[in-house]
Amino acid sequence: MSDEIDTQIRTRSAGQLGFVVAALLLSLLLLVNLPGQTLWLENSKSFAAQPRFWPAVAIVVMVICFALHLARMRRRRFTKLDMAELRRWAEPLEYALWFMAYVIAVPFLGFLPMSLLLACALTWRLGYRSTAYLGLAALFAVVTVILFKGLLGVKIPGAVIYELLPGGFRNFAILYL
Amino acid sequence: MDILFAAIEVLSRWDVVLALIAGSIGGVAIGAIPGVGPAVAIAILLPATFSMDPIVGLTVLLGIYGSSMYGGAIPAILINTPGTAVNALTTYDGYPMTLRGEARRALSLAYSASFFGGVFSVVCLILLSPVLAKVAPMFGSREIFLAALLGVILVIVAHRGQMLIAAALTGFGIFLSTVGLEPVKYSRRFTFEQSWLASGVDLIVVVLGLFALSQAFVLLTMDDEKVRITKSRGSLFQGFRELARHPRVAGVSAGFGVLMGMIPGVGEFTAQFMSYTSARKLSKTPQAFGRGSSEGLIASETANNAVPAAAMIPLLALGIPGEALTAMMLSVFYVHNVVPGPGLFQFQMDFVVALYLALLLLNVLVVGFLLVSTGWLVYLTKIPNRFLGMCILLLSFVGVYSIRNSAVDCGVAAVFGLIGFVLKRLNLPIVPIVLGMVLGGIMEVKLRASMNRVKTPLDFIDRPIALLLFCVIIVVLGSTLWRVWREWTPVDRRSNAKKASTHFTKRIAGRKTRHFETRTKKQRRKRSYDHLGS
């Protein structure tokens with residue numbers, strides 16, 4: 001079996017139609033917006049110096065290739081399998097919301113408290129409800145905060161809530177937690 | 001000699017030593033956990049390395065890159081699940097060996113083959129350095145543009161069977177690199193009057209979304225798998241003796257690894273595939289391949305471990321990343337104002353030699369670590385998928401948020417995470433987007449710079465290297481088009497139910513399976529211990 005046949009078999013067909021059509025529509029939308037969103041210089045030295053040149057190349061490649069892929073697809077009718085796959089794509093939205101809630105809460109409630117809360121709550125939500133798993137999740141959150149903010153010094157600002165802490169501990173919390 | 005001493009001095013710094021140890025051990029552990037992989041780990045750690053010295057940051061990332069494939073062999077051999085994507089071929093021969101009770105032999109062979117591949121490629125890199133130092137300055141803007149264009153074409157061509165979609169996704173990557181203020185007239189491109197788009201789409205945010213967050217989503221939405229680990233006996237040193245009996249397979253596979261690693265856009269998969277195929281052709285027992293052949297295991301593990309060091313060649317010499325991981329490393333160079341390319345070999349040779357030596361030391365460290373820790377590394381494969389997903393989600397936040405403390409960046413990363421999730425579900429390639437972004441930016445700058453000195457189209461290829469690269473591009477494009485033309489078949493849109501051949505296949509399917517099951521059982525009874533291919 002050649003690697004090409006192998007690759008074709010592994011490429012999932014359910015849902016591919018939805019993806020390709022959406023990508024093609026997006027590419028066409030970008031193509032329509034090309035004149036309005038980029039500049040064409042009259043006195044440019046060469047085509048390569050035109051601000052519109054590379055976006056045009058990229059979008060034209062996208063439109064042609066997505067359209068050709070659609071034309072070459074074996075099945076171009078939307079079926080129940082496609083719908084099932086589209087529903088499957090919506091599943092991670094919940095976790096994307098968890099992620100964004102965490103992002104928004106960290107500047108107010110702090111990196112350590114929010115990491116502890118997210119790790120334990122998400123572990124609970126995922127069905128690991130034993131003390132061992134919740135403990136492991138809490139430990140993971142604490143180690144992550146100590147490693148990245150405490151030791152590696154990544155830039156995550158101190159939270160608003162830390163302002164309420166007493167003097168010395170306040171500075172420590174802003175810097176390391 | 002002075003350069004060598006200067007490099008040793010750099011490497012003997014405590015922070016570099018620590019980075020080397022942390023990178024190699026961390027890489028092995030990450031590789032041993034199926035579902036994480038070096039791309040996720042490097043994407044998460046990337047912003048953390050920005051505050052480090054360039055050599056320290058790069059040593060950590062190189063450590064993870066180089067050692068993850070060693071660790072990835074453990075689950076590939078023991079539980080038939082590759083730890084990293086490039087260990088997929090290892091399962092073909094590693095797992096059957098485990099079923100025969102030869103897990104330790106397989107692990108030992110994988111470690112020794114990986115070590116050989118890693119050291120071989122570093123030695124090649126060192127030997128090639130003087131040549132690179134001479135050739136690299138001959139690369140001007142137009143040569144770098146043509147090399148980047150060749151990289152883009154090879155990325156697309158390498159995805160056989162998915163070339164159209166790979167080309168479209170590369171186009172998407174190039175498009176992303178153009179969003180924001182353009183550097184000539186400072187006009188805005190595709191910002192839709194949004195101020196947050198003026199600075200463009202950050203490569204690291206996209207990488208974190210496409211690799212780390214998407215993987216977290218995949219793990220969070222999948223079921224946990226029951227992992228059963230079989231106990232095995234034997235020495236972990238036996239593989240080194242066995243490897244010495246197959247010098248030809250090891251040498252050819254390492255050669256393929258180095259060659260494919262050097263060519264932008266090709267990478268580990270092609271190297272592995274080619275070395276495995278050639279090892280089967282060279283073997284006296286080709287029938288043993290896929291059934292626990294030691295030669296097959298050596299071929300796949302040697303080739304994939306020879307790639308990381310070789311992949312550094314286009315990155316260091318030309319500033320052109322060959323695949324996603326080196327594309328991520330490129331950003332570390334830029335953050336520290338170290339511009340990879342011809343100048344690096346001329347003015348910072350000690351830095352380059354220090355990197356080579358770090359890679360060499362890394363292989364020794366990793367093998368030493370694996371020989372003493374395989375016993376407990378095995379248990380990392382037992383971490384449940386969804387719990388692992390939670391951990392990656394939390395770490396992804398650190399990666400994205402620490403870049404510039406922006407919730408918008410996190411939102412963009414989440415969107416790319418969802419795109420990555422869809423691409424992974426459909427089994428479509430993600431790497432073309434990242435390489436399109438990186439190489440698109442390089443192509444835009446270099447083409448503009450080179451067009452200033454070009455009056456007629458032929459001036460563009462009037463230098464030997466430019467002409468050579470142009471010819472290679474024509475040959476690659478021509479051969480690909482010729483192959484597509486020859487293999488062109490009209491699309492068959494008849495439903496499966498209408499095909500007589502499908503009916504026939506269905507009718508014989510049961511018999512075929514039964515026939516092979518009986519034959520396999522017979523063979524197992526005949527030889528409970530198999531020495532084929534060793």
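Which residues in helix 4 of chain B meet which residues in helix 13 of chain B? B:Tyr65, B:Gly66, B:Met69 and B:Ala73 in helix 4 meet B:Glu301, B:Asn304, B:Asn305 and B:Pro308 in helix 13 of chain B. Two residues are in contact here if their C-beta atoms, placed from the backbone, lie within 7 Å. The residues of this contact divide into four nonpolar, three polar and one charged. Ala, Val, Leu, Ile, Met, Phe, Trp, Tyr, Cys and Pro count as nonpolar, Asp, Glu, Lys and Arg as charged, and the others, Gly among them, as polar.

This is a predicted model, in which local features need pLDDT of at least 70, side-chain atom pairs count only at pLDDT 80 or more, and totals for chains, interfaces and linings use all residues. Residues are numbered from 1 along each chain as its sequence is written, while chains are lettered from A and ligands numbered from 1 in the order in which they are written.

Stay with the opening pair. Helix 4 covers residues 54–78 of chain B, and helix 13 covers residues 294–318. Their axes come within 8 Å and cross at roughly 160°. Axes are lines fitted to C-alpha atoms, for helices over the stretch in contact, and angles run from 0 to 180 degrees between N-to-C directions. Helix 4 and helix 13 of chain B are therefore roughly antiparallel to each other. The cut-offs are under 35 degrees for roughly parallel, over 145 for roughly antiparallel, 65 to 115 for roughly perpendicular, and oblique for the rest. The crossing of helix 4 and helix 13 of chain B is right-handed. A crossing is right-handed if the near helix is turned clockwise from the far one by less than a right angle, and left-handed if anticlockwise.

Now take chain B as a whole. Chain B has 21 helices and two strands. Helices (H or I, at least four residues) and strands (E, at least two) are DSSP runs, numbered from the N terminus. The radius of gyration of chain B is 24 Å, close to the 24 Å that the globule rule gives for 534 residues, so chain B is as compact as a globular protein of that length. That radius is taken over C-alpha atoms, and the globule rule is 2.2 Å times the number of residues to the power 0.38. The C-alpha trace of chain B spans about 75 × 65 × 50 Å along its principal axes. Of its 534 residues, 55% count as buried. Buried means 20 or more other C-beta atoms within 10 Å of the residue's own, exposed means 12 or fewer, and partly exposed lies in between, with C-beta atoms placed from the backbone. Among contacts in chain B between residues at least 6 apart in sequence, 80% join residues at least 24 apart.

The axes of helix 9 and helix 18 of chain B come within 6 Å and cross at roughly 60°. That makes helix 9 of chain B oblique to helix 18 of chain B. Their crossing is right-handed. By class, their contact has 15 nonpolar, four polar and two charged residues. Helix 9 of chain B brings residues including B:Leu208, B:Phe211 and B:Phe217. Helix 18 of chain B brings, among others, B:Val412, B:Phe416 and B:Lys424.

Two glycines give local views. B:Gly35 is found in the loop between helix 2 (14–32) and helix 3 of chain B. B:Gly35 is buried, with 21 other C-beta atoms within 10 Å. Not counting residues up to four places away in sequence, B:Gly35 touches B:Gln215, B:Leu219, B:Asn385 and B:Leu388. The C-alpha atoms of B:Gly35 and B:Gly389 are separated by 8.7 Å, at 354 residues apart along the chain. B:Gly251 is in helix 11 (residues 247–262) of chain B. B:Gly251 is partly exposed, with 13 other C-beta atoms within 10 Å.

Chain A comes next. Chain A has eight helices and zero strands. The radius of gyration of chain A is 25 Å, well over the 16 Å that the globule rule gives for 177 residues, so chain A is more spread out than a compact globule. Its C-alpha trace spans about 65 × 55 × 30 Å along its principal axes. Of the 177 residues of chain A, 30% count as buried.

Finally, the interface. The contact takes 59 residues from chain B and 64 residues from chain A. Helix 17 of chain B gives the most to the side of chain B that touches chain A, with 11 residues. By class, this side of chain B has 35 nonpolar, 14 polar and 10 charged residues.
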